[in-house]
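Please look through the structure below before reading on. The paragraphs after it go from the overall fold to single residues.

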Amino acid sequence: MSKNNEAVQEWLKIAYDDYDTAVFLWNKKPRPLQIICYHISQSMEKSLKAFLCFRGQFVPRTHSLVFLCRTCARLDSSFKTLLTICADAEIFSTHTRYPGRIEIETAAAKQALKNTLALYNFAANKINS
């Protein structure tokens, strides 16, 4: 396995670990929606960064899911289909970890959790195909 392949697989592992953490926390009562959604955004971010790494691109230090998704879409236009879910989840990356946090509805968090797995699988399939 090349160094680049190792890095790609590491990005995917981190992405899945964040998703898995969000699922684990989902089963806690009461549900810590703020931290669940933080892990959701982290998983999406790492999935997109895995694809960029796979394509040999510079992996920027940003939490902007929309920016990352658009960057992926310049390399593979099918990533445009993910822009809406990235836009919906982008607020979770910082607004859940600083004072003045946003209110998160359970239904929105549940949908974001589903979207996270969909994005992860989408990126992983692109990488592993």
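Helices here are DSSP runs of at least four residues, numbered from the N terminus. Read along the sequence, this chain follows the pattern α-α-α-α-α. The model is a predicted one.

Begin with the overall form. The C-alpha trace spans about 45 × 25 × 25 Å along its principal axes. For 129 residues, a compact globule would have a radius of gyration near 14 Å, and the chain, at 14 Å, agrees with this. Of the 129 residues, 44% are buried. Among contacts with a separation of 6 or more, 64% are between residues 24 or more positions apart. The accessible surface of the chain is about 7200 Å², and carbon and sulfur atoms account for 53% of it.

How many disulfides does a search of the whole structure find? The search finds 0. A disulfide needs two cysteine sulfur atoms within 2.5 Å. The sulfur of Cys 53 is too far for a bond, because the closest cysteine sulfur, in Cys 72, is 11 Å away. Cys 72 is likewise in no disulfide, with the nearest cysteine sulfur, that of Cys 69, at 6.4 Å. Is Cys 72 buried or exposed? Cys 72 has a relative accessible area of 0%, so it counts as buried. Cys 53 is also buried, at 8%.

Gln 42 is placed in helix H2 (residues 33-54). The cut-off for a buried residue is under 20% relative accessible area. Gln 42 therefore counts as buried, with a value of 7%. Its side chain makes a polar contact of 2.7 Å with the side chain of Lys 46. Beyond residues up to four places away in sequence, Gln 42 touches Asp 18 and His 63.

Ser 41 is in helix H2 as well. With a relative accessible area of 1%, Ser 41 is buried. The side chain of Ser 41 reaches the backbone oxygen of Tyr 38 at 2.8 Å. Apart from neighbours within four places in sequence, Ser 41 is in contact with Leu 65, Ala 89, Phe 92 and Ser 93.

Pro 30 is in the loop between helix H1 (3-26) and H2. What kind of peptide bond joins Lys 29 and Pro 30? The bond is cis, with omega at about -5°.

How values were computed. Residues are numbered from 1 along each chain as its sequence is written. This is a predicted model: local features need pLDDT of at least 70, side-chain atom pairs count only at pLDDT 80 or more; totals for chains, interfaces and linings use all residues. Side-chain values use heavy atoms; hydrogens and water are left out. Buried means under 20% relative accessible area, exposed over 50%, partly exposed in between (1.4 Å probe, protein chains only). Helices (H or I, at least four residues) and strands (E, at least two) are DSSP runs, numbered from the N terminus. A polar contact is a pair of N or O atoms within 3.5 Å; within protein, one must be able to donate a hydrogen and the other to accept it, and residues adjacent in sequence count only if both atoms are side-chain atoms. Contact means heavy atoms within 4.5 Å. The radius of gyration is taken over C-alpha atoms; the globule rule is 2.2 Å times the number of residues to the power 0.38. Accessible areas come from the Shrake-Rupley method with a 1.4 Å probe; for residues, only the protein chains shown count as cover.
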